[in-house]
Amino acid sequence: MDFISAKGLGWLSIIGGVISFPFLHVDHLLHIEHLNYNGTSVSPPPSRTSVAGSAEPQQPAETVLSVVDLSQNKEKKVRELIENHCRFTNIGNVEGQMACFGDRIFKYFDKGQVGKSFIRKDIKNHTRPYEIFATDLLDVKANKAEDNNLFDYEAVAKIRLTLKKREGQVRTQIITNFYGLKFNGDTPEIVYIDRIKE
């Protein structure tokens with residue numbers, strides 16, 4: 001048990017084992033001394049000094065991320081990429097959408113394995129008939145893919161899709177996409193995307 005006595009703080013009273021400070025002003029703090037359970041002083045640890053006797057400057061501690069921190073950081077990057085992909089889709093930015101994909105795509109919806117040129121063409125063809133083609137990301141969850149040699153991380157995104165064909169009515173539906181992502185250095189890239197049938 002560790003008690004603290006304060007000197008120069010007004011007065012200190014101990015009543016029934018309770019320490020009370022009737023008034024405590026930090027600007028009056030002159031000295032704080034640690035006492036152990038039997039009332040003897042415990043001095044603070046000595047500061048590190050060099051051979052000449054002057055105090056050594058403290059070196060900043062190195063930041064070392066644990067495996068869990070690195071994994072959470074990657075999961076965050078995966079979620080951000082999915083958010084960006086939806087945002088680029090929402091504003092009709094084809095190049096932004098293309099930047100989210102890796103060079104090799106193992107599955108692109110029901111089209112299977114395709115190249116980026118196919119995806120660019122498909123995006124333009126798919127959105128062309130619509131006056132409104134809007135996506136709102138409702139939720140995204142990401143985690144490390146276990147025992148998978150195609151991608152490092154997987155994500156599931158719930159998206160509200162709002163469509164309006166020219167001369168048509170507005171139609172809204174909720175879709176769920178599955179994404180497989182591989183890291184290229186520090187950057188995740190979509191290499192697998194498919195619709196989850198509900």
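Analyst: Start with the rule for pairing. Rings of Phe, Tyr and Trp (its six-membered ring) pair if their centres lie within 6.5 Å; planes under 30 degrees apart count as stacked, over 60 as edge-to-face and the rest as tilted. By this rule there are eight aromatic pairs. One of them joins Y108 and F118, edge-to-face, with 6.2 Å centre to centre and 85° between the planes. Y108 belongs to strand β6 (residues 107-108) and F118 to helix α3 (residues 116-127), ten residues apart. Helices (H or I, at least four residues) and strands (E, at least two) are DSSP runs, numbered from the N terminus.

The model is predicted: local features need pLDDT of at least 70, side-chain atom pairs count only at pLDDT 80 or more, and totals for chains, interfaces and linings use all residues. Residues are numbered from 1 along each chain as its sequence is written, and side-chain values use heavy atoms, with hydrogens and water left out.

Now burial. Buried means under 20% relative accessible area, exposed over 50%, partly exposed in between (1.4 Å probe, protein chains only). Y108 is buried, at 4% relative accessible area. F118 is partly exposed, at 32%.

A second pair is F151 with Y192. Its ring centres are 5.5 Å apart and its planes stand at 55°, so the pair is tilted. F151 lies in the loop between β7 (130-144) and β8 (153-165), and Y192 lies in strand β10 (residues 187-195), so this pair ties together parts 41 residues apart in sequence. F151 counts as buried, with 4% relative accessibility. Y192 counts as buried too, with 19%.

Y108 and F118 also belong to an aromatic cluster, together with F101 and F109.

Charges meet rings as well. A charge sits over a ring if NZ of Lys or CZ of Arg is within 6 Å of the ring centre and within 35 degrees of the ring normal. K74 lies over the face of F183, 4.7 Å from the ring centre. R87 has its charged end over the ring of F88, 4.8 Å from the centre.

Finally, the setting. The protein chain has three helices and ten strands. Their order along the sequence is β-β-β-β-β-α-α-β-α-β-β-β-β. Of its 198 residues, 30% count as buried. Contact means heavy atoms within 4.5 Å. Among contacts between residues at least 6 apart in sequence, 47% join residues at least 24 apart.
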